[in-house]
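We will go from stop to stop, picking residues as we go.

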Amino acid sequence: MLDALPIISEVSAVAPAQWEVRAEADRLDVARLDLAFQAAVKRNDADAIERILHPHFFLVLGNGTVVTRDELIAEARSQAVQYEIQDEDAGTQLVRLWGDTAVVTARLRIKGSRAGGDFDRTLWFSDTYVRTADGWKYAFAQASLPLP
């Protein structure tokens, strides 16, 4: 029994390092996926948006409006909004990870036009991703009111 103790010590010393490597890989995967989502919205790429979003996705805007997955995909398909800018501000993205859940926060600048006219605003958002059998999926979002 005592002979097993050094092995257990070696395993427990390695496990945290391996966990950190996996956690960092997960953070990078989620960060890339969030940037890919912003790019898909900018291009009105409904197919990419559909692949990234979790089946139960919804977005809560700063004024309390709830936007469903189906509404977001339909808006992209109709190309009702034309984006000139839909980009995270460089250096503002932060990915926090808790096992199979990740939250991305970043400042986002959006500029474009829709039937109601032109818009240009900056806001903060929190995007929640969950690990599924099909990989990371974007499950929930909350966007602030436009920043002054």
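Start by selecting Gln79. At 44% relative accessibility, Gln79 is partly exposed. The model is a predicted one. Gln79 sits in the loop that runs between helix H3 (69-78) and strand E3 (82-88). Check its backbone: phi is positive, about 55°, although Gln79 is not a glycine. Most residues other than glycine have a negative phi.

Now select Asn44. Here too the residue is not a glycine, and phi is positive at about 55°. Asn44 belongs to the loop between helix H1 (5-43) and helix H2 (46-52). Is Asn44 buried or exposed? Asn44 is buried, with a relative accessible area of 9%.

**Next stop: the strands**

Select E7 together with E1. These two strands run parallel, and four bridges join them. Pick Leu59 and look across to E7: its bridge partner there is Ala141.

How do E6 and E7 run, parallel or antiparallel? They run antiparallel, with eight bridges between them. A hairpin of two residues connects E6 to E7. Return to Ala141 in E7: Asp127 stands opposite this residue. In a regular strand, side chains alternate between the two faces of the sheet.

**Next stop: the rings**

The structure has five aromatic pairs. Select Phe58 and Phe140. Their ring centres are 5.1 Å apart and their planes meet at 70°, so this pair is edge-to-face. Phe58 lies in strand E1 (residues 53-60) and Phe140 in strand E7 (residues 135-143), so the pair ties together parts that are 82 residues apart in sequence. Phe58 is partly exposed, at 33% relative accessibility. Phe140 is partly exposed as well, at 25%.

Now pick Tyr129 and Tyr138. The ring centres lie 4.8 Å apart with the planes at 15°, so this pair is stacked. Tyr129 is buried, with a relative accessible area of 0%. Tyr138 is buried too, at 4% relative accessibility. Ring pairs link Phe37, Phe57, Tyr129 and Tyr138 into a cluster.

**Next stop: the largest pocket**

Turn on a surface. Rolling a probe the size of a water molecule over the atoms shows where empty space is left. The largest pocket holds about 670 Å³ of space. Which residues come closest to its centre? Select Leu59, Leu61, Tyr83, Ile110 and Arg121: of the 32 lining residues, these are the closest.

Colour the lining by element. H1, E1, H3, E3, strand E5 (101-114), E6 and E7 each give two or more residues. E6 gives the most, with five. Then colour the lining by class. You will find 20 nonpolar, seven polar and five charged residues.

**Last stop: the charges**

Side chains of opposite charge can pair when their charged atoms come close. How many salt bridges does the structure hold? There are 14.

Select Glu50 and Arg77. Their side chains meet in a salt bridge, 2.9 Å from N to O. Glu50 is in helix H2 and Arg77 in helix H3, so the pair ties together parts that are 27 residues apart in sequence. Glu50 is partly exposed, with a relative accessible area of 32%. Arg77 is partly exposed too, at 46%.

Move to Glu84 and Lys111. This salt bridge spans 3.8 Å, N to O. The pair links distant parts of the chain, with Glu84 in strand E3 and Lys111 in strand E5, 27 residues apart. Lys111 is partly exposed, with a relative accessible area of 26%.

Stay on E5 and select Arg109 with Asp120. They form a salt bridge whose closest N and O atoms are 2.9 Å apart. Arg109 lies in strand E5 and Asp120 in strand E6, eleven residues apart. Both ends are partly exposed: Arg109 at 27% relative accessibility, Asp120 with a relative accessible area of 45%.

Finish with four residues at once. Select Arg22, Asp26, Asp100 and Arg131: a network of salt bridges links them.

How values were computed:
Residues numbered from 1 in each chain as written. Predicted model: local features only at pLDDT ≥ 70, side-chain atom pairs only at ≥ 80, totals over all residues. Heavy atoms only, no water. Phe/Tyr/Trp six-rings, centres within 6.5 Å; stacked < 30°, edge-to-face > 60°. Buried < 20%, exposed > 50% of the residue type's maximum accessible area, 1.4 Å probe, protein only. Pairing = 2+ DSSP bridges. 1 Å grid on protein atoms, 1.4 Å probe; cavity = no way out; pocket = protein on both sides within 12 Å on 5 of 7 lines; lining within 4 Å. Points joined across faces, edges and corners; volume = space filled by probe spheres on them. Nonpolar A, V, L, I, M, F, W, Y, C, P; charged D, E, K, R; others polar.
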